[in-house]
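Please examine the sequence and the structure shown below. A short briefing for a new reader accompanies them.

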Amino acid sequence: MHVQKISNVFWISVAITFASVLYGALAPKSFEEVTGNIQAFITSSFGWYYLTLVTIIVIFCLFFIVSPMGQITLGKPGEKPEHSKISWFAMLFSAGMGIGLVFWGAAEPLSHYAMSPATEEAMTDAAFRESMRYTFFHWGIHAWAIYGLVALALAFFQFRKGKPGLVSATLEPLFGKHMSGPWGTVIDVLAVFATVIGVATTLGFGAIQINGGLSYLFGTPNEFYVQVIIIAVVTVLFLISAWSGLSKGIKYLSNTNLVLAAILLILVVALGPTLLIFNMFTDSIGSYLQSLVRMSFRAAPLDIEQRGWIDSWTIFYWAWWISWSPFVGIFIARVSRGRSIREFLIGVLMVPTILSFFWFAAFGSTSIHVQQSGTDMRELLTEEILFATFGDLPLSMVLSIVAIILIGTFFITSADSATFVLGMQTTKGSLTPPNTVKFTWGIAQSAIAVILLSANGLTALQNSLIIAAFPFSFIMILMMFSLYKALNKERKELGLWIKPTKPPKKLREHEH
């Protein structure tokens, strides 16, 4: 019964993924070298393209907030939101509050301050302010605009127009029936491959950090084989959850994530430099807003050193968000049915951004404060910085154990949700993908995470992300044209005009 649901997208995606895994397993040195060369070519030749594209996506999303098209509902006329605002905000937060925030929360601001500042001299007050500004930049409105664009396109075409929840379906206004044939398959395969690499990379980060925490706390060897054991254990846990199809299981885990993240954040604010945290949060928001345009287009064409910094931080992040956008986009779209486009974009762009800012203000200010107090963390591995920061605070063991459990639950929920999303994408948008398909993607994600870790850990993870995101970025450009075309047509049909002299003629869904 299930076999006919499985689309060509599944078989092609599995074949490409299997070939990548096989190559990485049999020739890790060659794999690292090839991915490194491709990554270097993309970042050096197309860094300007990433910077420009992501800024255009931000402007595109902001335009719809103020446009009359913002009144259009992501659902049938008159449809009400499925979830309350509080519940919706919680789910948005949980979508963005992944392993990444825990992994980089203390490490990124400290790196920009003490190890590799963007422009300032290391270990100075100017570098402290700059470190927070750039961290806010990397995790702020640009990241959420990328997710918002994909989620908006998927939600509009799926809930308003009744199309399947596939990336190819969002391009029908441009290409018509071609999206049901081979070209649609190519689009969906690119989306699936970007998702697999994006999620596998994040699982790799999670394994590295759990290992780093165990190593720092209990002297567990910080070695590849330990990371493989961690991935194997988590894979078994999330496959049990995915196989049983217990949606309640994911819901409970998501709620656990939120509670643990809130506990950890409150403890860090209370036990860390509380006043400094609030002051840096306030000051850095002003600094971020003031420098937003300059940071968005900063390509450093005449400075090789600064250019290298932009490649390894900003371009890496833009690629990471693009590769995660099909996965997070589908999740956000699913929980946003019934909201107006304006409400949707304000919620998606603003709420998680402000929460992320406060997270980094708390963890980043604390790690820099610890560094300034005499505990030198510059020689530590990235994954150990969070635990070294906790080591300088009261209740350090409690904080560290909560953090390790939080990373573990994030790990399981991310992988579990991703198996569902990949299953859906490769079974023609089915909302009940067969367990065999989910199982295949679960194993594939974990296998890629292991391969990437074996081929020089973090570097290979980052290289693969930038490569996988590149082709999907062109699909996002097409999405913008397609979405604008469809929404503009809808605007005319509903009689939504910018000029107030032409009142809406038949805005049925907004009649009271």
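This is a predicted model: local features need pLDDT of at least 70, side-chain atom pairs count only at pLDDT 80 or more; totals for chains, interfaces and linings use all residues.

Residues are numbered from 1 along each chain as its sequence is written, and side-chain values use heavy atoms, with hydrogens and water left out.

**Overall form**

- The protein chain contains 18 helices and 0 strands; helices (H or I, at least four residues) and strands (E, at least two) are DSSP runs, numbered from the N terminus.
- With a radius of gyration of 22 Å, close to the 24 Å that the globule rule gives for 512 residues, the protein chain is as compact as a globular protein of that length. The radius is taken over C-alpha atoms, and the rule is 2.2 Å times the number of residues to the power 0.38.
- Along the principal axes, the C-alpha atoms of the protein chain fill a box of roughly 70 × 55 × 50 Å.
- Contact means heavy atoms within 4.5 Å. Among contacts in the protein chain with a separation of 6 or more, 82% are between residues 24 or more positions apart.

**Surface and charge**

- Of the 512 residues of the protein chain, 58% count as buried; buried means under 20% relative accessible area, exposed over 50%, and partly exposed in between (1.4 Å probe, protein chains only).
- The protein chain exposes about 20400 Å², and carbon and sulfur atoms supply 67% of that area. Accessible areas come from the Shrake-Rupley method with a 1.4 Å probe, and for residues only the protein chains shown count as cover.
- The protein chain has 32 positive and 27 negative charges, and their mean positions are 20 Å apart. Lys and Arg count as positive and Asp and Glu as negative, while His and the chain ends are not counted; each charge is placed at NZ of Lys, CZ of Arg, CG of Asp or CD of Glu.

- Leaving aside neighbours within four places in sequence, Trp320 is in contact with Gly100, Trp104, Trp139, Gly198, Thr202, Phe205 and Leu465.
- Tyr317 is found in helix 13 and is buried, with a relative accessible area of 0%.
- Not counting residues up to four places away in sequence, Tyr317 touches Trp104, Glu108, His138 and Trp139.
- The C-alpha atoms of Tyr317 and Ile466 are separated by 8.7 Å, although these residues are 149 residues apart along the chain.

**A residue in helix 2**

- Thr55 lies in helix 2 (residues 28–66) and counts as buried at 7% relative accessibility.
- Residues up to four places away in sequence aside, Thr55 touches His142, Ser296 and Phe297.

- Met123 is placed in the loop between helix 5 (107–115) and helix 6 (125–139), and counts as partly exposed at 35% relative accessibility.
- Met123 touches Tyr113, Ala114, Gln371 and Arg378, not counting residues up to four places away in sequence.
- Met123 and Gln372 are 249 residues apart along the chain, and their C-alpha atoms are separated by 8.2 Å.
- Pro68 is found in the loop between helix 2 and helix 3 (85–96) and is buried, with a relative accessible area of 11%.
- Gly495 is found in the segment after helix 18 (457–494) and counts as buried at 1% relative accessibility.

**Backbone angles**

- Most residues other than glycine have a negative phi.
- Ala300 has a positive phi of about 45° although it is not a glycine. Ala300 is placed in the loop between helix 12 (274–297) and helix 13, and counts as buried at 10% relative accessibility.
- Leu395, which is not a glycine, has a positive phi of about 55° and is found in the loop between helix 15 (385–391) and helix 16 (396–425).
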